[in-house]
Amino acid sequence: MSGNTANIKSEFTGIRKDGSHFDCEVTIISFSDLHGELMKCSIVEDISERKRALERIARNQKLLNQAETVAHMGSTEIDLVTEKREWSDEFYRMLGYEPGAIKADMRVFLELLPAEEQERYLEWYNHVKLHNTEPEPIELKVIRKDGTERCFFVKGQINQQGTGHDHPKLVTVVQDITDLKQVMQELKMQNQQLKEIAWTQSHIVRAPLSRLMGLVKLLSDGVVGSGEDHTQILSYIVQSANELDRIIADITEKTRKINVRPGSDT
């Protein structure tokens, strides 16, 4: 065979002897023999299993993308030797970009972080590279394309591949926890308000209530007779009752203003 060769590849649907169909790849090799005559050789390969495997991979990737979208969680993969990065479609969307709209590399990602967060991220990432061990989760403030600041929770894992030839990779799952942190903060504030109300109930309410009970007891025990003293006691009772009424109204108003469900107006 001479050095002048040419290959042509095409895929077809083949039919077996039993009538069943299969996917095949036909390669036609053209070459010149020792006498300079043009020769052709056809190689037929059954690629049914390969195509099914590729279809399974594509289907699983689609399911993964859908799951990330529903959960609003993205993922990344970083080659710890070459620094090559891959971002999932949902991670791009979490950043405010269409998938592939910006380059997935260190410099671009650092530009999305506030200045004070860049050093924290680099320290975290370099620790992973140096020790090649599963990192501690980290929370990062990220500036989206529209300028809004979001809080991401990043949990990573080292994938060693196990072949001896592949580079170790840092695989991360990224969740936007901005809304969750806001809810937690609102719940914390509500809890503080409830504590203040509880303190009011246990301390401030007790004073006028104790006076009322004492004054009523004086009357019921007959300690105070009719006349000026009796009128004065009734006046004290009315004052204590009005004070207690104002305190209860204040508690009711404070309770009404506390939203049981954060973000609700009811």
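Two strands are taken as paired if DSSP finds at least two bridges between them. Helices (H or I, at least four residues) and strands (E, at least two) are DSSP runs, numbered from the N terminus. The model is predicted: local features need pLDDT of at least 70 and side-chain atom pairs count only at pLDDT 80 or more, whereas totals for chains, interfaces and linings use all residues. Residues are numbered from 1 along each chain as its sequence is written, and side-chain values use heavy atoms, with hydrogens and water left out.

**View 1. Strands β6, β7 and β8.** Strand β7 pairs with β8 in the antiparallel sense over 8 bridges. One of the residues involved is I158, whose bridge partner in β8 is L170. Strand β7 also pairs with β6, again in the antiparallel sense, over 6 bridges. There, F152 in β7 is the bridge partner of L140. A hairpin is formed by β6 and β7, with 5 residues between them. In its turn, G147 has a positive phi of about 90°.

**View 2. Helix α4 and its buried face.** The 17 residues of helix α4 (residues 115-131) should span 24 Å at 1.5 Å a residue, and the end C-alpha atoms, 25 Å apart, agree with this. The expected span is 1.5 Å times one less than the number of residues. Residues E117, Y121, W124, Y125 and V128 of α4 are buried. Seen down the axis, these buried residues of α4 fall within an arc of 90°, so they line one face of the helix; the arc is that of the directions from the helix axis to the C-beta atoms. Buried means under 20% relative accessible area, exposed over 50%, and partly exposed in between (1.4 Å probe, protein chains only).

View 3. On the face turned away from the buried side, α4 carries the exposed residues A115, E119, E123 and L130. Just after α4, N132 takes a positive phi of about 55°.

**View 4. Residues C41 and C151.** With a relative accessible area of 10%, C151 is buried. C41 counts as partly exposed, at 33% relative accessibility. The structure holds 0 disulfides, a disulfide being a pair of cysteine sulfur atoms within 2.5 Å.
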